[in-house]
Amino acid sequence: VFDNLAFRLVEGNKVILLGQVARPAVARNAEDAVLRVEGIRRVSNEIEVLPLSRFDDEIRVRTARAIYGSFPLNRYAGNPLAPIRIVVKGGHVTL
């Protein structure tokens, strides 16, 4: 819910990873996973790791509760592929 990942295929065997993540491990794991895909030889990891911020973490949780705690969106709360991503950077929320 708090990570936004995307990719772009370039030249058939190179992938560019894009997006924003709240934890550095997510960016590394995404790169490792793409490198295991057959036919992919190079990965350019352009995923932005968001700065650590207790303030932003609180906004993330409150926003998630407001969105997924309300009907009819609460049915998506347990879905790992949550349709609404919540990215918070410097107090600014992007959905």
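Contact, as the word is used in this tour, means heavy atoms within 4.5 Å. The model is predicted, and local features need pLDDT of at least 70, side-chain atom pairs count only at pLDDT 80 or more, and totals for chains, interfaces and linings use all residues. Residues are numbered from 1 along each chain as its sequence is written, and side-chain values use heavy atoms, with hydrogens and water left out.

**The whole chain**

Begin with the entire protein chain in a cartoon view. It has 2 helices and 6 strands, in the order β-β-α-β-β-α-β-β from the N terminus. Helices (H or I, at least four residues) and strands (E, at least two) are DSSP runs, numbered from the N terminus. The C-alpha trace spans about 45 × 30 × 20 Å along its principal axes.

Next, display the surface. The accessible surface comes to about 6,600 Å², and 55% of this belongs to carbon and sulfur atoms; such areas come from the Shrake-Rupley method with a 1.4 Å probe, and for residues only the protein chains shown count as cover. Of the 95 residues in the chain, 27% are buried. Buried means under 20% relative accessible area, exposed over 50%, and partly exposed in between (1.4 Å probe, protein chains only). Among contacts between residues at least 6 apart in sequence, 52% join residues at least 24 apart.

**First stop: the largest nonpolar core**

Select Val15, Leu17, Val21, Val26, Ala27, Ala30, Val34, Ile40, Val43 and Ile47, the 10 residues of the largest nonpolar core. Strand E2 (14–21) and helix H1 (24–35) each supply at least two residues of this core, and H1 gives the most, with 4 residues. A nonpolar core is a set of buried Ala, Val, Leu, Ile, Met, Phe, Trp, Tyr and Cys residues joined through side-chain atoms within 4.5 Å.

- Val26 lies in helix H1 and counts as buried at 15% relative accessibility. Not counting residues up to four places away in sequence, Val26 touches Asp3, Leu5 and Val21. A distance drawn from Val26 to Leu50, C-alpha to C-alpha, is 11 Å, for two residues 24 apart in sequence.
- Ile40 is in contact with Leu9, Asn13, Val15, Val34 and Leu35, leaving aside its neighbours within four places in sequence.
- Ile47 is found in the loop between strand E3 (42–45) and strand E4 (48–49). At 10% relative accessibility, Ile47 counts as buried. With neighbours within four places in sequence left aside, the contacts of Ile47 are Leu5, Leu17, Leu18, Gly19, Gln20, Val21, Ala27 and Ala30. The C-alpha atoms of Ile47 and Arg8 are separated by 12 Å, although the two are 39 residues apart along the chain.

**Second stop: Arg60**

Now select Arg60, whose place is in helix H2 (residues 54–68). Is Arg60 buried or exposed? Arg60 is buried, because its relative accessible area is 3%.

Move to Phe71, in the loop between H2 and strand E5 (87–89). Phe71 is exposed, with a relative accessible area of 74%. Select Pro72 too, which lies in the loop between H2 and E5. The peptide bond from Phe71 to Pro72 is cis, with omega near 5 degrees. A distance drawn from Phe71 to Leu17 shows their C-alpha atoms separated by 34 Å, the residues being 54 apart along the chain.

**Last stop: Glu11**

Finally, select Glu11 in the loop between strand E1 (4–10) and E2. Glu11 is exposed, its relative accessible area being 65%. What is phi of Glu11 near? Phi is near 55 degrees, a positive value in a residue other than glycine.
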